[in-house]
Amino acid sequence: MSYVTNILVAGIGGQGVMTAADIIAQAAIRAGHDVKKTEVAGMAQRGGVVTSHVRFGEHVYSPSITPGHADLLLAFEPAEALRWAGHLRTGAAALVNTFAQTPPVVSLGLFEYPDAPLEQLARYPISVSSLNAGDMAIGMGDRRLVNSLMLGAAARHLPFDSGLLKQALLDRFANKGGKMLTLNEQAFDAGYREPGKI
Amino acid sequence: MTAAEQVRNPQAIFISGNEAVAMAARDADCRVAAAYPGTPSTEILEYLSAYPTVYSEWSINEKVSLEVTIGASLAGSRALCAMKHVGLNVASDALMTQTLIGAVGGLVIAVADDVGLSSSQNEQDSRYWGRFAHIPVLEPCDAQEAYSMTRFAFSLSEQFSVPVLLRLTTRICHVKGLVRTDASEKTVARFFNKDSSRYVMVPGNARNRIPLMMQRDKELAQFSEGCELNRFEPGQDRRIGFVTSGAAYCHVRETFPEAPVLKLGLSHPAPIETIRAFAQGVDQLIVAEEVEPLLETELKAAGIQLSGKDILPRIGELTPSVLRPALAQLTGDTCTTAPATQNDLFPRPPTLCVACPHMGIYYCLAHVKNTIISGDIGCYTLGAGQPWNALDTCISMGASLSVAQGIDKGRSEADQNKNVIAVIGDSTFLHMGMQGLLDITYNRGNVTILLLDNRAVGMTGGQNAPSSGLDLHGEETIQVDFRKLCEALGVKPARIHEVNPYELPVLFKALREEVKQTGPSVIITNQPCVLTERYRQQPALAVDADRCTGCSNCLDVGCPAILVERRETVIKPNGREKQLTFVKIDSAACTGCNLCINTCGPDAIIPLSRDSRINAVEVSA
């Protein structure tokens, strides 16, 4: 069986995890692949853990990534990167938004947010890149731009031309009008430029 | 579309299983579609609502949606109803008799099982209904099959004059894949053909229909043996052969690409003889079916040797990470599994949204003593979680009221001073809660009812209901007047209160007063779901660090936008240690509902812009 590429996108309900996964899937289709993409909806808008699996290759059967077989983790939050790092294969890449978000159970003192989650990621046999997409997005005027920043950064890690990903993103925002389109394009470019290797 | 894409996938579109079902219904000339929202099936009707050739509606509950589509079928139109697995429990009363009448226009019941319980109160196997109601079951494995099998389901329904169960699961509904659609068809116009011996199910008529149903079972079983949806896929490694269906098929092919597979699309009635012949060509036969051992039991009864739930789990999905280690027992293959997630991390459970109007309710309920709180199905079930812990039961749609009635009537001496409270949302109340309220008033129950009217089906994404004043298409329609409705159901006018759930003092007063009353009371909240367009954002709030005393009262609200700035331990004058928690507000997330201001003694919570006035939350919708 030919190789199937596994992309795991992880974050928190409301961050745009599913949209990001959808845009990667669209780009993979344009690159000529068969693609399957899971959505986990329902409770997803309620601040819970959200993951989306994108799998592409010559032919994809199962929509689910087997733990230990993901090629790229796109983590929208550092603790979520840690939660899902075990899904990556040896030598895989993790791309992490370092902007932390603590849930009410942590604020209430019932649980602790991990110290230095990025350093803990070093325990895994993977390569980690990071960027503070949260602060960058707020700096650009809209926290929803995290999505496009992360996609820009992901473009370097995907096995097809980054232009395909950028075009899929732009198509997604084409009907939102000029300003949103321009902002998202700028965010994608800013994410792409961010080296952030640790 | 790029050249490469066109070469590979001419006319293929990338859609979810739910969208594929909707498109197929449209292309099959389905005229009527009805549903009540429920994850993971909700989007089927949302997609269908965009097609002008299909009449589509949000029905009041699943039984109503099935009955609407039964009527449409009897009128000669193709019809589809969609529901989540537990919805078919509600609709089953209609189903169990409709099967005797059978379909006229093709009738498809798309039922979505939440295998793995991503957002449901139980995990049940809807394939049972096929056996129970004597109707065929189709099981697509992906979005492409969701399309083609929905098309097939309509013609099968008409060929055998039978409602067809399209059994979906979360991994079909919410998985996107490339789908090729077929040319749309036009059905022949029919009419309502009066036929009381078939359509009026009184005992004398129904009795005569039962043998016809049994005959239909036999014909369907024969049809299943040669049906193209039951497909043999040869494989080189004949140590194990799989009989499988639905999403499990995809996982089996992924995990064991060299194994022979008999894929069942029409899984009930099962093609027993086809499976018997298949079994003879492999060393060991495995039945890989998600949830219950239904097919396994039937095949064992037919004398076919196999393994199934003796090695595979009866709960959750049969993903590759489940299949591989389970089958390694048989094959002797080595198998290492990676942990799914790092499990020493904090949990991140779903919680109420920033500014959710339910938070004020649960803040109050957590502070009222001596309560037994009977809950219901919706976002407000999250009140069982932190920090509120203010829900004691949750069973099924509408159960809050009737269970509360039972708690009231069944309470022992030890619970005599307890205040029995029921919490239910607007849409759930209309779905199946009204009957419980009538039972309470009729039978002189003593329950305080909190009717949380946020004018939407919140948990599934803010869909419309009769409480919204808008229909599936967003067009204006009647809006239920809950005060009048509760009065009509027998609640005394003086015992009905409408309150703004962001005004904590008013809420506390109403709750404390009403729990003291003998007899039923209803407290209706009146602020919209924050996910809907009806919600109006107000200027964001911030914390004045100089004034915050670290009391942490505001954290008891449970708002995700209230964060901890720092914790300090101080020694009080009496020598005891006290933990102080100083807070900040994520102003970019805050929408200024002002609920937390009510909990702050030192007035440390202020508008982000000191110049902007703190606006009162809009009371009227």
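# Reading the terms for chains A and B

Q: What angle does helix α5 of chain B make with β4(B), and how is such an angle defined?
A: Helix α5 (residues 85-101) of chain B lies across β4 (78-84) and β5 of chain B and runs at about 120 degrees to β4(B). Axes are lines fitted to C-alpha atoms, for helices over the stretch in contact, and angles run from 0 to 180 degrees between N-to-C directions. The model is predicted: local features need pLDDT of at least 70 and side-chain atom pairs pLDDT 80 or more, while totals for chains, interfaces and linings use all residues. Residues are numbered from 1 along each chain as its sequence is written, with chains lettered from A and ligands numbered from 1 in the order in which they are written.

Q: Why can β3 and β12 of chain B be called edge strands?
A: In chain B, seven strands form an open sheet of mixed pairing, in the order β3-β2-β4-β5-β7-β6-β12. Strands pair if DSSP finds at least two bridges between them. β3 (55-58) and β12 (266-268) of chain B each have a single partner strand, so one side of each has no neighbour in the sheet.

Q: How do you know that β5 and β7 of chain B pair, and in which sense?
A: Strand β5 (residues 107-113) and strand β7 (residues 164-169) of chain B share six bridges and are parallel. Within this pair, B:Val111 is opposite B:Arg167.

Q: Which strands pair between chain A and chain B?
A: β2 (residues 34-38) of chain A and β8(B) are joined by three bridges and run antiparallel. A:Lys36 stands opposite B:Gly177.

Q: How many residues are in contact between the two chains?
A: Contact means C-beta atoms, placed from the backbone, within 7 Å; by that rule 50 residues of chain B touch 52 of chain A. Elements of chain B that give two or more residues to this side include α1 (3-8), β8 (175-179) and β20 (562-571). By class, this side of chain B has 26 nonpolar, 17 polar and seven charged residues.

Q: Why does the radius of gyration of chain A agree with a compact globule?
A: The rule, 2.2 Å times the number of residues to the power 0.38, uses C-alpha atoms. For 198 residues it gives a value near 16 Å, and chain A has 16 Å, so the two agree. The C-alpha atoms of chain A fill a box of roughly 50 × 45 × 35 Å along the principal axes.

Q: What share of chain A counts as buried, and by which cut-off?
A: Of its 198 residues, 58% count as buried, that is, with 20 or more other C-beta atoms within 10 Å of their own, placed from the backbone.

Q: How many helices and strands does chain A have?
A: Chain A has eight helices and six strands, taken as DSSP runs (H or I, at least four residues; E, at least two).

Key. A residue is buried if 20 or more other C-beta atoms lie within 10 Å of its own, exposed if 12 or fewer, and partly exposed in between; C-beta atoms are placed from the backbone. Ala, Val, Leu, Ile, Met, Phe, Trp, Tyr, Cys and Pro count as nonpolar, Asp, Glu, Lys and Arg as charged, and the others, Gly among them, as polar.
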